[in-house]
Amino acid sequence: QIDPGSSRGGRTGALTPPPFADEVQKIDANPPKGTRDFPPEDMRLRSWLFHNFREVSRLFGFEEVDFPVLESEALFIRKAGEEIRDQLYCFEDRGNRRVALRPELTPSLARLVIQKGKSAPLPLKWFAIGQCWRYERMTRGRRREHYQWNMDIIGVPEVTAEAELISSTISFFKRIGVTASDVGFKVSSRKVLQEVLMSYSVPEDSFGRVCVIIDKIGKIPVEEIKKDLKHAGMSEVAVEDLLQVLSIKSLEKLEEILGDSGEAISDLRQLFSLAEKFGYSEWIQFDASVVRGLAYYTGIVFEGFDREGKLRAICGGGRYDKLLSTFGGDDLPACGFGFGDAVIVELLKEKGLLPKLDHQVENIVCALDSDLQGAAAAVATKLREKGQSVDLVLEGKPLKWVFKRAARINAQRLILVGLDEWQKGMVSVKILSSGEQYEVKLVELE
Ligand SMILES: Nc1ccc(Br)nc1
């Protein structure tokens, strides 16, 4: 029983109370805090977005996979101080199991790869579109759920995998009208960080934590970054030097600092060379400050950003060669990205690129007499079997109402089932755009 005072599509008047009024329990018609409903107009945009995610995945030869929204909490427990861990939507179920609403898809994908083992021949190219959750204090009024498109390549150690993944995101942007003037990709490698940290003998097991701290550059004061880095075991000199390296924006400069023999520079040179062959050089730039906020990345990392700098990262990803082995699986190379459904919509709004998506049906079918409701149903079935969409008027309504509904649902044709015509095996058809009207034998109705 929804509170009659609440807005219900503009319907007027209170609802008639049920027989057992004392059992009425008014509910809030809004969804839980931080979550969204998708009424038809919003669902059309979401379906359009997902259709483009799926089309690009198809063009790149990827196979769709899916996993439960609910996972064992253990899948997401990492000790690197990630935000994703602090905001885990976790609880104890009725079987006293620690479970969580997934905050991301990659650990589930890794779990499925391990489960499939040798039965899934490498390389695996899998994609998924799934709802992900975080429990964020509502003080910041941010969403607690979003849908992510993920593409992952398992079993390819070469940088060609990252180049392919970046290419797929750019294909997506191009499909929806976003250009290299709107969006760019900052690309780096965590091996840059690794080589600097190793030169200061920072312990390997602090690596993930240092990355999470560095990902906050530009989001929290630099003094806090420095404090956290020292707290993670780095000396004053190491911190200063690291921040210096992270400000580098050219591979030439990076080579001056790291030399030209390390894996970081070699991977990045290969990636930028592949970008040229793929034809997307104008979309990407080296930026040593990009580390991404997930602890498990081990190599190339990248993130799509809006060049006007108004929005948060649009998408991001990278190489995570150790994740499967940390879950007890084989030491398989892996890379992937996540692409959320919210920031991209903000970008499309900014750029005036939101598609116009109206509900549409090809036919509205109406009986002109209550005795002909069955006949109208037969006409609707015939058209549907021919693959035509039909909105069948389900109760006796005045023609004025029928025409109003036809306009509201963008029907192309009105099919009227009247007694005289029906007795001749005919129906009358009105083309609503032109007003043209004619009678046609049911057997010839196309
Ligand atoms: N990981 C995550 C989940 C849900 C939202 Br909204 N943002 C980020």
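The loop between helix H3 (106–116) and strand E5 (124–133) contains Pro123. Here helices (H or I, at least four residues) and strands (E, at least two) are DSSP runs, numbered from the N terminus. Pro123 is joined to Leu122 by a cis peptide bond, with omega at about -5 degrees.

Before I continue, a word on the basis of these values. This is a predicted model, in which local features need pLDDT of at least 70 and side-chain atom pairs count only at pLDDT 80 or more, whereas totals for chains, interfaces and linings use all residues. Residues are numbered from 1 along each chain as its sequence is written, and side-chain values use heavy atoms, with hydrogens and water left out.

Ser201 is not a glycine, yet its phi is positive, at about 50 degrees.

Helix H5 (residues 190–199) packs against helix H8 (residues 236–246) at an angle of about 155 degrees, and their axes are 10 Å apart. Axes are lines fitted to C-alpha atoms, for helices over the stretch in contact, and angles run from 0 to 180 degrees between N-to-C directions. H5 and H8 are therefore roughly antiparallel to each other; angles under 35 degrees count as roughly parallel, over 145 as roughly antiparallel, 65 to 115 as roughly perpendicular and the rest as oblique. Their crossing is right-handed, meaning that the near helix is turned clockwise from the far one by less than a right angle, with anticlockwise giving left-handed.

Which residues make the contact of H5 and H8? H5 contributes Val192, Leu193, Val196 and Leu197, and H8 contributes Leu242, Val245 and Leu246, where contact means heavy atoms within 4.5 Å. By class, this contact has seven nonpolar, no polar and no charged residues. In this scheme Ala, Val, Leu, Ile, Met, Phe, Trp, Tyr, Cys and Pro count as nonpolar, Asp, Glu, Lys and Arg as charged, and the others, Gly among them, as polar.

H5 also meets helix H10 (residues 263–278); the two axes come within 8 Å and cross at roughly 165 degrees. H5 and H10 are therefore roughly antiparallel to each other, and the crossing is left-handed. From H5, Lys191, Val192 and Glu195 meet Glu263, Ala264, Asp267 and Leu268 of H10. The residues of this contact divide into three nonpolar, no polar and four charged.

H10 has a further partner in helix H4 (residues 160–175), with an angle of about 45 degrees and axes 9 Å apart. That makes H4 oblique to H10. H4 passes H10 in a right-handed crossing.

Finally, the ligand. Its surroundings are Pro103, Cys132, Trp133, Arg134, Arg143, Arg144, Glu145 and His146, a residue being near if one of its heavy atoms lies within 4 Å. For Pro103, a backbone N or O atom lies 2.8 Å from a nitrogen atom of the ligand. For Arg134, a side-chain N or O atom is 3.4 Å from a nitrogen atom of the ligand.

How values were computed. Polar contact = N/O pair within 3.5 Å; in protein donor to acceptor, adjacent residues only side chain to side chain.
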